[in-house]
Amino acid sequence: MQPPAGSQVSRVPAQRPPSDHLAPPSPAPVPERPRRRLRTMVTVVASVVAALCLGGVAAGFVLYNRAAAPDRSAPDVVVDNYLRAFLVDRNDTRADLFTCEGSGDRAGVLGLRSEIEQREANFGVVVRVSWGPLTRTETSEGESVATTLTISGSANGQPRSSRREDWVFDVVERDEGWRVCSGRKAG
């Protein structure tokens, strides 16, 4: 509808002066913070995996250390391990784990192994050493362990010779367990 003629109302909307009572323009809305659920889950999972890995490494170390440590729990056990390492496997490093450091007289056992190696080289045979029951006897310094060594030679799978010798090994208990300090032929 048109305003009546002569009216003071114009067709252009009236402009109003700014009022001090109007609210200031509202600032742009703060963007909603993205949820960090994924980041939190990844952090928790990574922490659990790291803890499990560290636990696994620690358990592996302990188990390896127990398995690799020589068994020196009893005099007969240490003599058995020493004979196996020194005369059967011929592993001086392993045999040293079962012997007294610096002291002791193992010249007899050294001589036996030297003799075995010479026979193998001179006659082209394989010499094997085995032993029977290990008998423990208490001594003033520790214990002695007696056994009978069987020294057998064979070539091409055929037995060539065999002999038995009675041996006595003196063992003492140290901080880390029993150790062989001497070995000699009995008698």
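Colleague: In which helix is valine 48 found?
Modeller: Happy to start there, with the note that this is a predicted model. The helix in question covers residues 37–68, and valine 48 is found in helix H1.

Colleague: Is valine 48 buried, partly exposed or exposed?
Modeller: Its relative accessible area is 45%. Buried would need a value under 20%, and exposed one over 50%. Because 45% lies between those cut-offs, valine 48 is partly exposed.

Colleague: Which residues make the nonpolar surface patch of about 290 Å²?
Modeller: A residue needs over 30% relative accessible area to join a patch, and valine 48 has 45%. The patch is made by three residues, valine 48 being one of them.

Colleague: Let's go inside. Which element gives the largest share of the largest nonpolar core?
Modeller: That core has 25 residues, and those touching the most other members are Val79, Tyr82, Leu83, Leu87, Leu149 and Phe169. Two or more residues come from each of helix H2 (75–88), helix H4 (107–123), strand S1 (126–131), strand S3 (143–155), strand S4 (158–174) and strand S5 (177–185). The largest share is 7 residues, and it comes from H2.

Colleague: Which residues does leucine 87 contact, leaving aside its neighbours within four places in sequence?
Modeller: Leucine 87 is among the core residues that touch the most other members. With those sequence neighbours left aside, its contacts are Tyr82, Val109, Leu112, Arg113, Val129 and Leu149.

Colleague: Which backbone oxygen does the side chain of threonine 147 reach?
Modeller: Leaving aside neighbours within four places in sequence, threonine 147 is in contact with Leu83, Trp131, Gly132, Pro133, Leu134, Glu165, Asp166, Trp167 and Phe169. For one of these, the side chain of threonine 147 comes to 3.2 Å from a backbone oxygen. That oxygen belongs to glycine 132.

Colleague: Stepping back, in what order do the elements of the chain run from the N terminus?
Modeller: The chain has 4 helices and 5 strands. From the N terminus on, the order is α-α-α-α-β-β-β-β-β.

Colleague: And what percentage of the residues in the chain is buried?
Modeller: The chain exposes about 13,900 Å², with 55% of that supplied by carbon and sulfur atoms. Of its 187 residues, the buried ones make up 26%.

Conventions. Residues are numbered from 1 along each chain as its sequence is written. This is a predicted model: local features need pLDDT of at least 70, side-chain atom pairs count only at pLDDT 80 or more; totals for chains, interfaces and linings use all residues. Side-chain values use heavy atoms; hydrogens and water are left out. Patches are made of residues with over 30% relative accessible area and no salt bridge: like charges are joined within 9 Å, nonpolar side chains (Val, Leu, Ile, Met, Phe, Trp, Tyr) within 5 Å. Accessible areas come from the Shrake-Rupley method with a 1.4 Å probe; for residues, only the protein chains shown count as cover. A salt bridge is a side-chain nitrogen of Lys or Arg within 4 Å of a carboxyl oxygen of Asp or Glu. Buried means under 20% relative accessible area, exposed over 50%, partly exposed in between (1.4 Å probe, protein chains only). A nonpolar core is a set of buried Ala, Val, Leu, Ile, Met, Phe, Trp, Tyr and Cys residues joined through side-chain atoms within 4.5 Å. Contact means heavy atoms within 4.5 Å. A polar contact is a pair of N or O atoms within 3.5 Å; within protein, one must be able to donate a hydrogen and the other to accept it, and residues adjacent in sequence count only if both atoms are side-chain atoms.
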